[in-house]
Amino acid sequence: MASNEHGVPGSDATPPAADDRSEYDYVSDDVERPGLVDDLEERVAGDVRFDTYTRQLYATDASAYEMTPVGVVFPTGTEDVAAVVDYCATREIPVLPRGGGTSLAGQAVNEAIVLDFTRYMDGIIDVDPGSREAHVQAGAVLEDLNQRLAPHDLKFAPDPAAGNRSAVGGAIGNNSTGAHSLKYGKTDAYVEECEVVLADGSTATLGEMDVAELRERADADADDLLPRVYAGVVAILDDHADEVEARFPDMKRNVSGYNLDRLVDEANDGTVNLARLLAGSEGTLAIVTEATVSLETVPETKSVTLLTYESVVDAVTDVQHVLDHDPAAVELIDDTLIDLASNTAEFEDVTALLPEGTRAALLVEFYAEDDEDGRKKTAGLVADRVEGGHDGGEPDVAGGGDRYAFDSLVAHDDEERATYWKLRKAGMPILLGRTSDGKHISFIEDCAIPPEHLPEFVTRFQEILEDNDTFASFYAHAGPGVLHVRPLINTKSETDLAAMEDIADRVTDMVVEFGGSVSGEHGDGRARTQWNRKLYGDQLWGAFRDLKTAFDPDWLLNPGQVCGDVSMTENLRFSPEYEFDAGFDAELNWDNENGLRGMVELCHGCGGCRTGQDTTGGVMCPTYRAADEEITSTRGRANMLRQAMSGDLPDDPTGDEFAEEVLDLCVGCKGCAKDCPSEVDMAKMKAEVTHERHQREGASVRDKLFANVDTLAALGSATAPVSNLVSKFPGARTVMEKTVGIASERTLPTFERKTLKDWFDARGGTTVPASDADRKAVLFPDTYTNYAHPEIGKAAVRVLEAAGVHVDLADRTDSGRPAHSKGFLDKSRETARKNVAALEPRVAEGWDVVLVEPSDAVMFQSDYLDLLSGDAVETLAANTYGICEYLDVFRLDEEADWSAPDASLSYHGHCHQKATKKDHHAVGVLRRAGYATDPVDSTCCGMAGTFGYEAEHHAMSEAIGDILIDQLDDSDGELAVAPGASCRTQLGDMLDEDARDAADLVPEDRESPPTPVELLAAAVQN
Ligand SMILES: Cc1cc2nc3c(=O)[nH]c(=O)nc-3n(C[C@H](O)[C@H](O)[C@H](O)COP(=O)(O)OP(=O)(O)OC[C@H]3O[C@@H](n4cnc5c(N)ncnc54)[C@H](O)[C@@H]3O)c2cc1C
Ligand code: SF4
Ligand code: SF4
């Protein structure tokens, strides 16, 4: 074990699949074209995967399209890339370079060999603050780069919204940009030089060169490809420069077609940079292996104003005047998004801030030198643009025209600014959460229009939507004229496909009329390539194709995109031919999800579950973070499940191989149910499929044991201390691993002879008479608390009593969580039924129900509603609380004097509480009790109930645990505390025993005064 800077030993865990006991290798047995695999494996150092699972995993991106690739290679360096391309060139096999696969138009899927750069070629090779340049591999994630640059106050300026999982190669491929393009432009402005592999497998360095040198080196008849590429570029300059100048939209935001306007523009000044020509080429011209990018300084500070309007048309009419104030971002929020957001628990407080009558808003952000500068800029904007706004100060700029905004909100501090940005982003998750066949897909979502034409464009766009019996919301980057509009379309219906084509066709006509572009940032791909001919005309369409041929004579690099022959209604993920059959009837309640099918089809591929703990935080998805494998992300699992249930995968989702490779490693943390913008709930789907698997195949002995842990714990307690000795016999752990599959490294729970219930009975029940109490609570003594950790239960009783609560203990101890997690849904339903029958009548008598163990509390609050229906279960769920939640919600702790020791804490919340948005309660309670508390933005601890006890999962469990240990090491607290018994076991097992036993802040037999930290006891010293 390695030791960190505070002397806390952390482990350098074995990579999850490298453990001999791991039964998974992330691939299926069914390998396509083994001869090809052998050939490629001979040539490359990286991984070569042509099995069915891997191919299907890479069949989708964040678009509406799906195409099964030939296979996937994970290159380790430029030599690997060159070897693959060279091999494919001689056999005419297409090749598709890929980053995070977050493209929205289908340009990251193809019938090709996919090169995934994000596994091994994601290095940041060099950062030079002096020259303000960074040299990176193509798979480096933008947000990782920015974290590396932060200490130098520098950043890679283009900021696509999915930048925490998008790679530099993908940003170049799409010429990405983001909300601040008004200041920074697109990626092409920052690409200085690229090392590339050309279509014949040769390598080259592309960068700035004089036009004279370009002409000199151009040779259309050369044997080598590079001189022919130069000749193709020269032909563009000689034959098409005038048409480029005449026909390309005069807009900052245009990524349709090839980047010829920049080429011609720079050539007019005597140079060209072919690395920049690659920007927006979607992997069709050359494959980038490394890039040198230039950097920008991070602004000192920012200020944000929300201008509010009575209509979208008013808002977009105002954009051109707002632009006179030189903002860094101008973002539109429309009425559909405001309405959707105001109906959700998460965003209603934000929408409540909006003045009455707001039907649209512009979020305007300024970069400022200091706070005063920021205030001056916002005051000037408000004075100029808001009706009656001159009270806010004198405008520096008179934007002119009528005033359209009727009110404004201004934010200068980080928290307020984040709130307004949250509002801007609020509606999207809700739009993408639709479980119906109709979805808000991207196909005409990315038009860029000169701002002065936006009002007419929006009005006519809405008419086109109405003509096609659909609707959409309008949001995004209004400043540079980019409007994201996602009409509701059911691509499984021929009628809607016709509507899709009609909308795209007519909107493209409008775009041409207004001198705009069909793609302001998301690219052409399969959705928009077909409209490029109309947008640019025949001559430039021909020029694009000639350029493509010059770079890629046999059209093998991502063929079809930009200037190929693709149709927007082909290769759709959901088409009229799509069929779905889960193969069994669902056991759980899926009413809110439009049935199990609605949930299985919900993931839209955005890649939000492929993000890092450092960059993104949150819970989703710990297994991806630990293993860095697509199949261990929520997206990977969701794609596999959908494909298995729709016949794209040969495997039955309840079969052995699917269980092992796809579902088995999901730890059931429920992180995706909250952190995924569409709330894809993989834990619930896994429980459903596992239940059906048990019906068909039977369950393992170990699963049955774990599902019955309550009975075993009762037995262990009754026979303690003898029962505890069993696991301490020499060789006992090895035998346990060999016979039942429990990891020999794990410490088994120790059972207490005197249970919590024994203790409670012995002390004669509660010390607070009902007559003196404002509240009365039934504490449910869950399995672990009652039999293994009664000290926590005792602390819970004392804390409740100190808060003036009259306490009783429930008779039952099993919440049903263990059986539920293991997919024994009949058993967990039966347990739920018994607990409802026992406790709901008490709730009716005015008792609250309180649990100590977070996952058991969430079982009552949330999972029971999936198992049972009716008033009784709803009443119990609504009146059940985790202990800290209970104290916090009713502010019970405020009355007590906790006499908390002087300690600072790092708090790791339980993933199930995070998923149900209840983890903040403990932090409030601890802080009020006097502890300096640093809440760690952590994922699951990796133990996940019994997952970490299972031998084949031990390495994965520790790899996830490592992430937490690193975070705790970086956090402020001296003592790490966690409410979950399994989290504490994980920390104890991964750190040394002494550290775990150092929880002497919690004296064993302390009667008073209690402190809330005891609820999280068995803490680990940091
Ligand atoms: C929720 C969401 C929000 C988004 N917001 C924005 C936004 O604000 N602005 C924006 O511009 N985009 C946005 N996008 C689109 C997308 O995320 C970006 O364009 C992103 O930069 C693509 O990066 P990637 O690594 O995922 O690329 P991929 O999707 O993997 O690839 C993109 C293209 O680049 C090519 N490519 C990849 N690697 C290489 C390489 N090494 N050499 C040559 N070509 C290569 C691919 O073939 C493909 O054609 C968004 C997407 C989502 C899902
Ligand atoms: S699971 Fe959610 S976060 Fe992951 S890709 Fe799908 S929609 Fe995006
Ligand atoms: S439940 Fe957790 S481990 Fe499973 S897919 Fe969701 S986030 Fe990942």
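Trainee: How many disulfides does a search of the whole structure find?
Mentor: A disulfide is a pair of cysteine sulfur atoms within 2.5 Å. Searching the whole structure for such pairs gives a count of zero.

Mentor: Before we go on, this is a predicted model, where local features need pLDDT of at least 70 and side-chain atom pairs count only at pLDDT 80 or more, while totals for chains, interfaces and linings use all residues. Residues are numbered from 1 along each chain as its sequence is written, chains are lettered from A and ligands numbered from 1 in the order in which they are written, and side-chain values use heavy atoms, with hydrogens and water left out.

Trainee: Is Cys941 buried or exposed?
Mentor: Buried means under 20% relative accessible area, exposed over 50%, and partly exposed in between (1.4 Å probe, protein chains only). Cys941 has 3% relative accessibility, so it counts as buried.

Trainee: What radius of gyration does the chain have?
Mentor: This radius is taken over C-alpha atoms, and the globule rule is 2.2 Å times the number of residues to the power 0.38. With 1022 residues, a compact globule would come out near 31 Å, and the chain agrees with that at 30 Å.

Trainee: Where is Ser904 found, and which residues does Ser904 touch?
Mentor: Strands are DSSP runs of E, at least two residues, and helices are runs of H or I, at least four, numbered from the N terminus. Ser904 sits in strand β29, residues 904-907. Contact means heavy atoms within 4.5 Å. Leaving out residues up to four places away in sequence, Ser904 touches Ala932, Asp972, Gly973, Glu974 and Leu975.

Trainee: How far apart in space are Glu41 and Val84?
Mentor: Glu41 belongs to helix α1, residues 34-43, and counts as partly exposed at 43% relative accessibility. Glu41 and Val84 are 43 residues apart in sequence, yet C-alpha to C-alpha the distance is 9.7 Å.
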